[in-house]
Amino acid sequence: MFRFPQHLIPLLACLPLLGACEARFDVDLTDGPIDGAESIVLQVKEVRLLKEDGNTVSLAADTEVDLLQYRNGSTLRLVEGAEVPAARYVGARLVFADSGSYVGRNDGSQVEITMPSSQEFSDLDLDVGDDDQAALLLDLELRFSLDDQLDTFGTYALEPVLRAMDPDEVGEVSGKVANSLVEDSDCRQGRSLLRGVSVYAYAGNGTTPVDYARDRSSGTQPVSSTAVYDDGDGGYRYRFAYLPEGDYTLALTCQADTERPATSDDLAFSHRRNATVTVGEVRSIAFTDD
C-alpha cells in the first residue's frame, strides 16, 4: 500500500485551493484632529505589514480619505477580507500616492501635502493564525504628523505618526471638560472658542506633559491627542476612543494649535489627570476647575 510521506502532509493543508493557511484581514483607519483645517485629504495606496521574519505583506487600499471625517471614534474601512499569511506581525505602515493629497483650509484654499521620502514601520504585536478573522486599527495622529511649511515651501509635509493596534485589545477614556476651563479668557486669548483646546495622553501615571517633538531623541513623548469638542448640550468633552490597556496621564492644553511636530514648542498644560485603561471598558475622567 502506498503511504504518503508524512513530511508533505502539512504542505497539503496549505494548498491555495483549500484556502487553509490564509487568514482574513480587515484594516480600519481613524485619526486625531488638528486645528485650522476644513479637510485633510490623503491618497492611501496600500497598507504594508511587517512580519516577524522580516518579510512584508502589502494590502491594496487605493482610497481617497478626508481624515477629519473619522475622529472621536469614527473609523474608515481601508481593507476588508484580504487574505494574509498566518504569521506574527510586528509592524504596519501606510503607503501614500506621490501626489493628490492636500489640506483644505478655512479660507477655501487647498494646499498640497508632500509625502515622506521614507517611512518606518509603527510597532505592532499581532498574532494571526490559520483561518483567523483578524483586524487591525490604525490611528494616524495628524497633530504630530503634519508639518506646516507654508512660509518656506508653500506646502504641508507629512511625517506619519501612526499607532497600530488590535481593536480587541483597547479601551476608552473620555469625560467632561469644565466650561470655565474652555471659555476662560486666558484659554481663548482672543481666538475662536475651542481653538487649540486639546487633551494629550502619555504613558504612565504622574508623567510631566510636554509637546510632541520629532527632534527629541529621548524622554517623554505624547502617545495621542484629541480635541475638546462641544457636546451639543451646553458643555464640552474629550474622547480617546482607542488606547491600549495600561496607565496614562492626561493633560489639558489650550495651545495645541501652536504644535509644531518637528521641534519643541513648550506648550503650557493647565490640568492633569491619571487614568487607567482596561480592555473593552469605558473610563470616565473629568477635567474640573480645581
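Predicted model: local features only at pLDDT ≥ 70, side-chain atom pairs only at ≥ 80, totals over all residues.

**Exercise 1.** Find the salt bridge partner of Arg-24, and say where the two residues lie.

*Solution.* 
- Step 1: Look at the side chain of Arg-24, which meets that of Glu-83 at 3.3 Å, N to O. A salt bridge needs a distance within 4 Å, so this pair qualifies.
- Step 2: Arg-24 belongs to strand E1 (residues 22-32) and Glu-83 to strand E4 (residues 76-85), so 59 residues separate them in a link between distant parts of the chain.
- Step 3: Check the surroundings. Arg-24 has a relative accessible area of 40% and is partly exposed; Glu-83, with 47%, is partly exposed as well.

**Exercise 2.** Asp-26 and Arg-77 also meet in a salt bridge. Work out which parts of the chain they tie together, and whether Asp-26 is buried or exposed.

*Solution.* 
- Step 1: The two side chains meet at 3.5 Å, N to O.
- Step 2: Asp-26 sits in strand E1 and Arg-77 in strand E4, so their contact ties together parts 51 residues apart in sequence.
- Step 3: Buried means under 20% relative accessible area. Asp-26 has 13% and therefore counts as buried, whereas Arg-77, at 37%, is partly exposed.
- Step 4: Widen the view. A network of salt bridges links Asp-26 and Arg-77 with Asp-28 and Glu-80.

**Exercise 3.** Describe the salt bridge between Glu-172 and Arg-239.

*Solution.* 
- Step 1: Their side chains meet at 3.0 Å, N to O.
- Step 2: Glu-172 is in strand E13 (residues 170-177), while Arg-239 is in strand E17 (residues 236-244), 67 residues apart.
- Step 3: Glu-172 is buried, at 12% relative accessibility, but Arg-239 is partly exposed, at 28%.

**Exercise 4.** Which cysteines form a disulfide, and what is its handedness?

*Solution.* 
- Step 1: The whole structure contains 1 disulfide, formed by Cys-187 and Cys-254 with their sulfur atoms 2.1 Å apart.
- Step 2: The torsion about the S-S bond is about -100 degrees, so the disulfide is left-handed.
- Step 3: Cys-187 is in helix H5 (residues 185-188) and Cys-254 in the loop between strand E18 (246-253) and strand E19 (269-277), so the bond ties together parts 67 residues apart in sequence.
- Step 4: Both Cys-187 and Cys-254 are buried.

Methods: Residues numbered from 1 in each chain as written. Heavy atoms only, no water. Helix = DSSP H or I, 4+ residues; strand = E, 2+ residues; numbered from the N terminus. Buried < 20%, exposed > 50% of the residue type's maximum accessible area, 1.4 Å probe, protein only. Disulfide = S-S within 2.5 Å.
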